[in-house]
Protein chains: 2
Amino acid sequence: MAESSTNYSYCVDPAWQGRADCANCVIRNMMLFSELPLNSFDNLLQPIVHERYDAGALLYHQCEVGTEVLSIRRGLVKLVLLSADGSERIVRLLGGGAVIGLELLDKSTAYRHSAIALQEVDLCRIPLTTLANLYSRHPELCKSVGLQLQHQVDQTDRWIMQLNTGKARTRIAEMLLFLEEANAGQDGVIELISRDDMAAVVGITKETASRVIAEFKRQGLLHHVTPSTYRLETQRLRELIAQEAKHG
Amino acid sequence: MAESSTNYSYCVDPAWQGRADCANCVIRNMMLFSELPLNSFDNLLQPIVHERYDAGALLYHQCEVGTEVLSIRRGLVKLVLLSADGSERIVRLLGGGAVIGLELLDKSTAYRHSAIALQEVDLCRIPLTTLANLYSRHPELCKSVGLQLQHQVDQTDRWIMQLNTGKARTRIAEMLLFLEEANAGQDGVIELISRDDMAAVVGITKETASRVIAEFKRQGLLHHVTPSTYRLETQRLRELIAQEAKHG
DNA sequence: CGGTAAATTGACTGCTCTCAATTTACGTGG
DNA sequence: CCACGTAAATTGAGAGCAGTCAATTTACCG
């Protein structure tokens, strides 16, 4: 199991930031406020801030008292649970369109996970007060929140079923296909995550993850494209998964 | 992994049923409609039906087209995902106060799991039309739905972290503690689930589950109380879990 | 009391973990 | 641009835990 030896740098001063322009948001149709009329964002007491973070940045920390919900515009974010003994487990990977920190709406004051950027990430920080403000004028916003939660439930169900069941080879294969979908992978080209992160996703050790990935490379299921990206042989990966399943 | 050799009997004609009396519901304060005024339930076009099922009854089936959300009043229900190869995985255990089938609100037509009673279960079937009806008059109902979803997210996170991580002994111990909480166990007395179900919960084989439970009995962590119930030594179980963690 | 399903137990295999060594990749500073 | 240092990834060897298959016992329902 992965050790939490890493000290994630807390990005207090993000590389890029500014007041968000929700009305002209490029991916507005996938975002939390997609159902709201364009003029809803005038006169907000607290502005919605648009920020950019580098890979590795800590967006918020488990148990930290929070006052903002984060809407991801671009890039991949991991939600991590820390256990008593220092090991950590990744319970979700979320990309553009996802909203994290929604547990704050549940009367609680603290975030329930640590959220860490796995790639360069663009996001909007939405203060709870702003959300309450918008909500009072647009109750239908609640439906969007419900959809967000339902998506997270769905992802976690898949997490258990596909990524945390079966042999290591199968799990890693499923994880690669998952990454490909999350990345909206052009032509099956994805950015791999670290072996530690793979291990924390599928519940094996980093050594086993490394062995499996190395084997996949040798078998031509993974092709080096650029220093940081790989192309997946998605069809063959799917066959491999089906094969393991049949064997039982 | 557990095989889906069992054919669950579809309980079309439940043992006990009648129109629900929501205004006088004994556990109204934990239910979906707890925030609604008492007179909201008059003039409903479609009645909310109260039903009772035996252990083993199939409440609904994965992929079945559904028109009702189920509010559990009493008893334990498992949500099961079936994989391509016939193996199954339990992704949630829900008791009184939980609402299942909420994925139907998400524009989808089919249930995403199979729901099966693990004990005698009392529940209310709430037609989607009734829910829409109530919702139009009481938008605050949306908040209750959000809470339900958030609870399910929280349970699934714990599921991955505690019940699907570590050695078999640890997982089973965590599962027993989970059952104890779900049962609101009097004095730590719980009704055990089958070894197959345990296996499908924590992701091991039924044989390993059996070995661990047998060992726990021998070590006095589990005491026979009645033919169907056992008392847990919760404190010692917690110590066992902490022990395994330290060893790492 | 008999029949069937569930649980237990055994023996053996095989996968994954663990610990350790080595190689590769990467960012920094010369 | 290259040299260097550190972190990440790869690989090996051995042990241990869980999976598999099979036999036996126990529990439960009629």
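A residue is counted as near a molecule or strand if one of its heavy atoms lies within 4 Å of it. In this predicted model, 16 residues surround DNA strand D. The closest are Arg195(A), Lys217(A), Ala168(B), Thr208(B) and Arg211(B). Residues are numbered from 1 along each chain as its sequence is written, and chains are lettered from A in the order in which they are written. Local features need pLDDT of at least 70, side-chain atom pairs count only at pLDDT 80 or more, totals for chains, interfaces and linings use all residues, and side-chain values use heavy atoms, with hydrogens and water left out.

Helices (H or I, at least four residues) and strands (E, at least two) are DSSP runs, numbered from the N terminus. Helix H5 (206–218) of chain A and helix H5 (206–218) of chain B each supply at least two residues of the surface near DNA strand D. The largest share, six residues, comes from H5(A). Of the atoms of DNA strand D within 4 Å of the protein, 63% belong to sugar or phosphate; the rest belong to bases.

Individual side chains reach both parts of the DNA. An N or O atom in the side chain of Arg211(A) lies 3.0 Å from a base nitrogen of DNA strand D. The side chain of Thr208(B) places an N or O atom 2.6 Å from a phosphate oxygen.

Chain B also holds an open sheet of four strands in the order E3-E8-E5-E6, with antiparallel pairing. Two strands pair if DSSP finds at least two bridges between them. The edge strands, E3 (58–60) and E6 (88–94), each pair on one side only. From one strand to the next, the twist averages 30°. E3(B) and E8(B) (residues 114–117) are joined by two bridges. Tyr60(B) has Ala115(B) as its bridge partner in E8(B).

Helix H2 (residues 141–163) of chain A lies across E5 (77–82) and E6 of chain B. H2(A) runs at about 135° to E6(B); axes are lines fitted to C-alpha atoms, for helices over the stretch in contact (heavy atoms within 4.5 Å), and angles run from 0 to 180 degrees between N-to-C directions.

Chain A averages a pLDDT (the predictor's confidence in each residue, from 0 to 100) of 89, and 92% of its residues score at least 70. Over residues 1–12 of chain A, the pLDDT is below 50. Where pLDDT is low, the predicted coordinates should not be read in detail.

Conventions: A polar contact is a pair of N or O atoms within 3.5 Å; within protein, one must be able to donate a hydrogen and the other to accept it, and residues adjacent in sequence count only if both atoms are side-chain atoms.
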